[in-house]
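Me: I have a structure open here and want to go through it with you. Can we begin with the metal site?

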Amino acid sequence: MRVWVMPLALLALAVCVTQSVAQRHAARAPQVVPMRAAQVDPGQLARRLADQQPGWPRSRRFDCARIKCVALTFDDGPGEHTGRLLDLLAQRHVRATFFVIGEMVAADRDGRLVRRIAQEGHELGNHSWSHPALAALSEEGVRRELRQTGDLVQRLTGVRMRLMRPPYGATDAQVAAEARREGLAQILWSLDTLDWRDRVTATVARRAETATPGAIVLMHDVHRTTVDAVPQVLDTLARKGFTFVTVSELYGRALVPGREYLERDPR
Ligand code: NI
């Protein structure tokens with residue numbers, strides 16, 4: 001062997017060994033998906049929120065089979081009247097459920113309102129990103145509408161929503177399947193106040209006051225007239241012996257993703 005061959009042979013050997021080690025590493029390396037800077041660990045966020053708000057989320061238990069419960073629900077926000085509604089509910093220690101639209105959450109500076117909704121013990125539900133009739137969309141379109149809103153609310157509040165309400169109540173088997181995949185129960189309603197059509201405070205109040213035990217009442221916090229009706233609705237229903245609960249509290253158990261709920265059957 002010539003003298004100059006030795007270093008070359010050693011170099012070749014070294015390259016071989018290095019490459020095979022690198023390949024083995026590549027084969028064994030776990031599939032780590034790098035976290036984008038904008039993403040926040042929701043668990044960490046929820047813990048931080050719990051530290052700031054002792055006992056959050058404050059869970060309450062009601063036996064709505066025995067007492068008169070009603071779930072007030074507010075759709076299409078958060079909007080310009082939501083802050084005042086939250087003040088009214090807080091004054092009376094009443095909790096409600098808010099089905100929020102992703103675009104509205106995104107338009108609210110720093111998610112101030114959606115954070116306040118969560119921190120004050122109300123329940124949050126997914127009302128899609130842009131309020132289309134979900135039943136008219138493709139499977140992928142439905143998924144995007146739900147997931148985008150779910151992710152944004154989770155990033156802002158630490159809460160992973162478990163409820164959704166299809167805009168216009170327009171649902172079908174495909175929407176149900178997507179809701180199930182996203183872990184969302186479909187919440188419809190048993191009492192429609194038609195507050196979006198009739199912007200008359202007294203009319204909205206009168207309709208809401210006809211609630212029966214176990215009812216899910218549909219209202220919209222984006223209308224001033226609806227928020228104006230709330231004090232009277234709360235006073236009248238309280239006088240009739242109703243307890244105001246969130247949708248999850250109304251049922252008192254985990255709701256089944258994808259399934260439709262209109263009211264709590266009196267039992
Ligand atoms: Ni709506």
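Me: What spacing do the donors of the nickel ion follow along the chain?
Reply: The spacing is D-x50-H-x3-H. Bear in mind that this is a predicted model.

Me: Where in the chain do Asp76 and His131 sit?
Reply: They come from distant parts of the chain, 55 residues apart. Asp76 is in the loop between β1 (69-75) and α3 (82-91), while His131 is in the loop between β3 (123-126) and α6 (139-157).

Me: Which atoms are the protein donors, and how far are they from the nickel ion?
Reply: Asp76 gives OD, and His127 and His131 each give NE2. These donors lie 2.1 to 2.2 Å from the nickel ion.

Me: Are Asp76 and His131 buried or exposed?
Reply: Both Asp76 and His131 are buried.

Me: Now Pro78. Where is that one?
Reply: Pro78 is in the loop between β1 and α3, the loop that also holds Asp76.

Me: Why does Pro78 count as buried?
Reply: Because its relative accessibility is 4%, and the cut-off for buried is under 20%.

Me: What does Pro78 touch, leaving out residues up to four places away in sequence?
Reply: Val100, Met104, Val105, Leu113 and Asp221.

Me: Different topic: the whole protein. How many helices and strands?
Reply: There are 10 helices and 9 strands.

Me: And what share of the residues is buried?
Reply: 46% of the 267 residues.

Definitions and conventions:
Residues are numbered from 1 along each chain as its sequence is written. This is a predicted model: local features need pLDDT of at least 70, side-chain atom pairs count only at pLDDT 80 or more; totals for chains, interfaces and linings use all residues. Side-chain values use heavy atoms; hydrogens and water are left out. Donors are N, O and S atoms within 2.8 Å of the metal (3.2 Å for Na, K and Ca); water is not among the atoms, so sites may look incomplete. Helices (H or I, at least four residues) and strands (E, at least two) are DSSP runs, numbered from the N terminus. Buried means under 20% relative accessible area, exposed over 50%, partly exposed in between (1.4 Å probe, protein chains only). Contact means heavy atoms within 4.5 Å.
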